[in-house]
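Let's take a walk through this structure together. Keep the sequence and the 3D view side by side as you read.

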Amino acid sequence: MDKSSRLKVALQKSGRLTDNSLDLLVRCGLKYSRGKDQLMCYGENMPLDVLFVRDDDIPDLVQQDVCDLGIVGLNVIEEKRLAFKARGIDPLFEQLMVLDFGKCRLSIAVPDGVEYEGIPSLRGKRIATTYPNILARYLRQNDVQAEIVTLSGAVEIAPRLGRADFICDLVSTGSTLIANHLWEADTILESQAAIISTPVPVEADKQDWIHRMSMRIDGVQQVKESKYIMLHAPRAKLAEIKKLLPGSESPTIVPLDGTSDKVAVHAVCRENVFWETLESLKSAGASAILVLPVEKMLA
Ligand code: PRP
Ligand code: ZN
């Protein structure tokens, strides 16, 4: 297989998405060796290589077809989507699926001691951000005129430097705001990680791997919450017990050797199984209840 037919996936170099992103690929079966420069991982058992880059560059790399896939926050995706659209760029990279990590929000933050009474307080003020397109849309939608001060980083110190009255920045734990004497006022956008793919049609081999990875990622995400439950139930209580199994579709009913009034019930529960559920099952007549983790799942 020549090099160009290997899938290239862009991941954040160092930041909140890095570990979870690589971990997701590993859970999807990837075994890799890391390049000496730490900038790439080479897939040993699949035609897939990882490039580590700044998260803000990921949509550009995917848009320009340098990478086939990228994992990046919806905040960056949305900002770039608006920027590309404004420049008339078409077709745009595609958003394949949203992932269950990297949760954070883009918010308006206000310096301690400064008054803020909702969006109208932004009128005529200077707001520093690295998300000028999302902020501009928010102001437009709320019919507020304000000056957007576009920065490439260190937005949180802009008010202290006298460059802005407010900021619009990403908040995750909130510790950056606290450290900089700011408080979170309004949320503009909720964000989490997502996968994007190139707008350029890819060759069949690669497309096949993209499809397989999507299915595996889906499986990995479903498995996280899923449990496999096995129990014994009196036949007479079967209907009641089935109702108590959280998020399970038609369970398997297995006869038990040497008895006709009891059966074994096996079910995949797509939701977390709590002790309370087990207690209810027991009260309903179930016995020998086992809850097992599900390692892999392919729908
Ligand atoms: C964001 C934001 C803050 C920090 C907030 O940066 O600019 O610096 O995270 O997180 P906290 O609420 O947990 O303190 P990001 O991680 O996106 O880094 P980048 O802007 O350099 O990509
Ligand atoms: Zn960034």
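Helices (H or I, at least four residues) and strands (E, at least two) are DSSP runs, numbered from the N terminus. D49 is buried, at a relative accessible area of 3%; buried means under 20%, exposed over 50% and partly exposed in between, using a 1.4 Å probe and protein chains only. Setting aside neighbours within four places in sequence, D49 is in contact with R6, L7, K8, V9, M40, C41, Y42 and G43, where contact means heavy atoms within 4.5 Å.

A quick word on ground rules. This is a predicted model, in which local features need pLDDT of at least 70, side-chain atom pairs count only at pLDDT 80 or more, and totals for chains, interfaces and linings use all residues. Residues are numbered from 1 along each chain as its sequence is written, chains are lettered from A and ligands numbered from 1 in the order in which they are written, and side-chain values use heavy atoms, with hydrogens and water left out.

Next, the inside. A nonpolar core is a set of buried Ala, Val, Leu, Ile, Met, Phe, Trp, Tyr and Cys residues joined through side-chain atoms within 4.5 Å. The largest one here has 35 residues, and I108, L122, L135 and I188 touch the most other members. Among the elements that give it two or more residues are β4 (48-53), α3 (74-86), α4 (132-141) and β11 (182-191). This core draws at least three residues from each of domain 1 (3-102 + 193-222) and domain 2 (104-190), with bounds that come from an automatic or database domain assignment. Apart from it lies another core, of 26 residues, including L48, F52, I195 and W209.

Now find R137 in helix α4. Is R137 buried or partly exposed? R137 is partly exposed, with a relative accessible area of 21%. Beyond residues up to four places away in sequence, R137 touches E78, L82 and L189. The side chains of R137 and E78 are joined by a polar contact of 2.8 Å (a pair of N or O atoms within 3.5 Å; within protein, one must be able to donate a hydrogen and the other to accept it, and residues adjacent in sequence count only if both atoms are side-chain atoms).

Last stop: ligand 1. A polar side-chain atom of T176 lies 2.5 Å from one of its oxygen atoms, and a backbone N or O atom of G174 lies 2.7 Å from an oxygen atom of ligand 1.
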